[in-house]
Amino acid sequence: MLNAEQPVLSIRNLSMNYGDKPVLKNIDMEVYPGQIIGYIGPNGAGKSTTVKIMLGLVEGYTGDISLFGKRISDGDWEYKRNIGYVPEVIDIYDNLTASEYLTFVGELYGLSWSTANMKAKRLMHILGLGEEVYDKAISSYSKGMKQKVMLISSLLHNPDLLFLDEPLSGLDANSVMIVKELMSQLAAQGKTIFYSSHIMDVVEKISNRIVLLHEGRIVADGTFESLKHHSQEGTLEQIFTQMTGFHEHAAIAEEFVSIVQEV
Ligand SMILES: Nc1ncnc2c1ncn2[C@@H]1O[C@H](COP(=O)(O)OP(=O)(O)OP(=O)(O)O)[C@@H](O)[C@H]1O
């Protein structure tokens, strides 16, 4: 178990440009064990970029990032063994079966083939994907089934820090309930979950801390209750709209419909 007083993740003065375009502007954040961070913001705000930088998938940033107390720029990738990641866009070797894919990922993380296979099979079964599916090519899976495989692959090695980018996309209502509960139980055991989602009512319910990114800057950071207090708005959706200064939804929809009707 990690020390609850040491940040699992520390971001200082993080900035990132793509070409001339600034995407992240002086982000600061410390995240502690057991926190469920709902990392939200409008499309293009820079959420995925932040996550990819922390995973070492995007370079060229300025600032300091430490995971488990070690600066990631030091080039020691050992910290990745203790991380799980579900990307926003499912990027999976779908000519493999779930059995082949999950045992491959498990072995990459240092599990033996038989342990990975046993865990994967049981986790698949629990999420409603039985043995007949386990040995079928992932290309034949529905979107939600692929999402479940991704979730399992991110957790097989029992990581302390999980990055989930829109983890509920494609899942049915029952599966969403399971994943919400799963996240709460993992956090209760000291795991840290950093996740992005556009489903505001879920973020509102399960995050114990919400970080709102707008145009590359953090514009709100706190519990849902504290954000509500500061903004005097009711739901997270309303707080989001208020803090990102967006009021034109009706006018935009009206213009869109009128263009659609021009024939
Ligand atoms: N590889 C890239 N090259 C150039 N620009 C990029 C690249 N990746 C992202 N961007 C730009 O950086 C900005 C932030 O993108 P990012 O994917 O981080 O946003 P996001 O907050 O995750 O958005 P969404 O909610 O739509 O997933 C966008 O303007 C995007 O066009």
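## Around the ligand

Helix 1 is the top contributor to the shell around the ligand, giving three residues. Helices here are DSSP runs of H or I with at least four residues, strands are runs of E with at least two, and both are numbered from the N terminus. Helix 1 covers 47-54, and along with strand 2 (21-31) it is one of the elements that each supply at least two shell residues. Before going on, a word on the model: it is predicted, so local features need pLDDT of at least 70 and side-chain atom pairs count only at pLDDT 80 or more, while totals for chains, interfaces and linings use all residues. Residues are numbered from 1 along each chain as its sequence is written, and side-chain values use heavy atoms, with hydrogens and water left out.

Which residues come nearest to the ligand? Of the 13 around it, they are Lys-21, Lys-47, Thr-49, Glu-88 and His-198; to count as near, a residue needs a heavy atom within 4 Å. Sorted by class, the shell has four nonpolar, six polar and three charged residues. For that sorting, Ala, Val, Leu, Ile, Met, Phe, Trp, Tyr, Cys and Pro are nonpolar, Asp, Glu, Lys and Arg are charged, and the others, Gly among them, are polar.

## Polar contacts and cover

A polar contact is a pair of N or O atoms within 3.5 Å. Thr-49 uses a polar side-chain atom, 2.6 Å from an oxygen atom of the ligand. Gly-44 has a polar backbone atom 2.8 Å from a ligand oxygen, and for Ser-48 a backbone N or O atom lies 2.8 Å from an oxygen of the ligand. On its own the ligand has 640 Å² of accessible area, and the protein covers 62% of that (Shrake-Rupley method, 1.4 Å probe).

Now to strand 7, residues 161-165, where five of the five residues are buried. Buried means under 20% relative accessible area, with a 1.4 Å probe and protein chains only. In a regular strand the side chains alternate between the two faces of the sheet. On strand 7, Leu-161, Phe-163 and Asp-165 sit on one side and Leu-162 and Leu-164 on the other, and both faces are covered. Strand 6 has both faces covered too, with Ile-83 and Tyr-85 on one side and Gly-84 and Val-86 on the other.

From strand 7 the chain passes through helix 6 (residues 173-188) to strand 8, a right-handed β-α-β crossover: with the strands pointing away from the viewer, the path from the first strand over the helix to the second runs clockwise.

## A glycine in the loop

Between helix 6 and strand 8 there is a loop, and Gly-190 is in it. Gly-190 is buried, with a relative accessible area of 11%. From C-alpha to C-alpha, Gly-190 and Phe-163 are 15 Å apart, and in sequence they are 27 residues apart.

Four strands form an open sheet in the order 2-1-4-5, with antiparallel pairing. Strand 2 and strand 5 (70-71) are its edges, each pairing on one side only. Strand 4 (residues 62-67) and strand 5 are joined by two bridges, and Ser-66 has Arg-71 in strand 5 as its bridge partner.

Technical notes: Buried means under 20% relative accessible area, exposed over 50%, partly exposed in between (1.4 Å probe, protein chains only). A polar contact is a pair of N or O atoms within 3.5 Å; within protein, one must be able to donate a hydrogen and the other to accept it, and residues adjacent in sequence count only if both atoms are side-chain atoms. Two strands pair if DSSP finds at least two bridges between them.
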